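Biologist: Before we discuss any details, could you put the model on the screen, so that we can go through it by question and answer?

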Amino acid sequence: AVDNAKDQFTEEEYASLKADADKIREIENQITALPQDEATSQSAAENGSTFPQFEGKDLDGNSVDSSLFANNAFTVVNFWFSGCKPCVDEMDDLDALNQRIKEQGGEVIGVNTETLDGAKKILESAGASFRNIYFDPGSEAGKFALGIMAFPTTCVVDRQGNIVGEPIMGGIDQEANMATLEKLIADAVASDTGK
């Protein structure tokens with residue numbers, strides 16, 4: 001990709017990008033060469049399917065913890081941060097979704113992954129009233145959130161705290177992402193009702 005876009009960069013930028021790309025390729029090759037321990041792979045897969053336990057606060061200062069999942073047939077968890085324009089742009093869609101899924105026993109929870117400065121103001125500007133929470137970045141849930149590389153990212157969590165399907169990267173204001181989210185919600189509802 002760097003070579004194909006070579007003429008868009010100065011020689012210095014191109015050399016820097018090429019060196020970085022080579023370094024990434026080298027690291028990927030080292031990772032691929034690592035021996036795979038079956039038990040480690042299995043536990044990593046198991047850990048990846050459960051939302052980490054957490055204790056935290058909502059933006060009003062009320063205590064929240066992982067037990068909130070048990071109160072819902074499913075929970076749509078949206079990871080965002082204040083400086084992310086696509087995150088902010090989908091706040092009204094998330095709020096509308098929250099209103100709609102209440103009938104199905106669902107709830108949208110926002111997780112702001114950075115400083116909370118301005119978060120309440122952003123939500124108020126968008127007319128978004130769904131619950132937003134935060135937790136200690138050093139906690140297991142905090143580390144999970146810090147591992148997210150694309151924003152916004154949305155996942156569906158069932159009543160037992162299991163992540164349903166794969167997390168959705170990108171805004172739910174994109175038609176394909178909303179369709180994927182609707183399918184994950186349907187899967188969570190079917191699982192909850194045993195159908």
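Predicted model: local features only at pLDDT ≥ 70, side-chain atom pairs only at ≥ 80, totals over all residues.

Biologist: In the hairpin of S1 and S2, which residue takes a positive phi?

Modeller: S1 is joined to S2 by 3 bridges and the two strands run antiparallel, with Gly56 standing opposite Val64 of S2. Between the strands of this hairpin there are 4 residues. Most residues other than glycine have a negative phi, and most peptide bonds are trans. The residue with the positive phi, near 90°, is Gly61.

Biologist: What is the order of the strands in the open sheet, and which strands are at the edges?

Modeller: The open sheet has 7 strands with mixed pairing, and their order is S2-S1-S5-S4-S3-S6-S7. An edge strand pairs on one side only, and from one strand to the next the twist averages 30°. The edge strands are therefore S2 (63-65) and S7 (163-169), because each pairs on one side only, where pairing requires at least two bridges.

Biologist: What is the bridge partner of Ile109 in S5, and which helix packs on the sheet touching S3 and S4?

Modeller: Strand S4 (residues 106-112) pairs with strand S5 (residues 131-135) in the parallel sense over 3 bridges, and in S5 the bridge partner of Ile109 is Arg131. The helix that packs on the sheet touches strand S3 (74-80) as well as S4, and its direction makes about 150° with that of S4. That helix, covering residues 91-101, is H4.

Biologist: Is Asn98 buried or exposed, and which residues is Asn98 in contact with beyond its neighbours within four places in sequence?

Modeller: Asn98 lies in helix H4, and Asn98 counts as buried because its relative accessibility is 4%, against a cut-off of under 20%. Leaving aside the neighbours within four places in sequence, the residues in contact with Asn98 are Glu107, Val108 and Phe130.

Biologist: With which side chain does the side chain of Asn132 make a polar contact?

Modeller: Asn132 has its place in strand S5 and counts as buried, at 4% relative accessibility. Leaving aside neighbours within four places in sequence, its contacts include Lys57, Asp58, Gly110 and Val111. The polar contact of the Asn132 side chain, at 2.8 Å, is with the side chain of Trp80.

Biologist: Which cysteines does the disulfide join, and is Cys155 buried or exposed?

Modeller: The structure holds 1 disulfide, and the link is right-handed, with 75° about the S-S bond. Cys84 is buried with a relative accessible area of 6%, while Cys87 counts as buried at 0% relative accessibility. The disulfide, with an S to S distance of 2.3 Å, joins Cys84 to Cys87. As for Cys155, a relative accessible area of 1% makes this residue buried.

Biologist: What is the omega of the peptide bond from Phe151 to Pro152?

Modeller: Pro152 has its place in the loop between helix H6 (140-146) and strand S6 (153-158). The peptide bond that leads from Phe151 to Pro152 is cis, with omega near -5°.

Biologist: How many helices and strands does the protein have, and what part of the 195 residues is buried?

Modeller: Read along the sequence, the pattern is α-α-β-β-β-α-α-β-α-β-α-β-β-α, and among contacts with a separation of 6 or more, 64% are between residues 24 or more positions apart. The accessible surface comes to about 11,500 Å², with 51% of it belonging to carbon and sulfur atoms. The secondary structure comes to 7 helices and 7 strands, and the buried part of the 195 residues is 36%.

Methods
Residues numbered from 1 in each chain as written. Heavy atoms only, no water. Axes fitted to C-alpha atoms, helices over the stretch in contact; angles between N-to-C directions. Contact = heavy atoms within 4.5 Å. Buried < 20%, exposed > 50% of the residue type's maximum accessible area, 1.4 Å probe, protein only. Polar contact = N/O pair within 3.5 Å; in protein donor to acceptor, adjacent residues only side chain to side chain. Areas by Shrake-Rupley, 256 points an atom, 1.4 Å probe, with all protein chains shown as cover. Disulfide = S-S within 2.5 Å.
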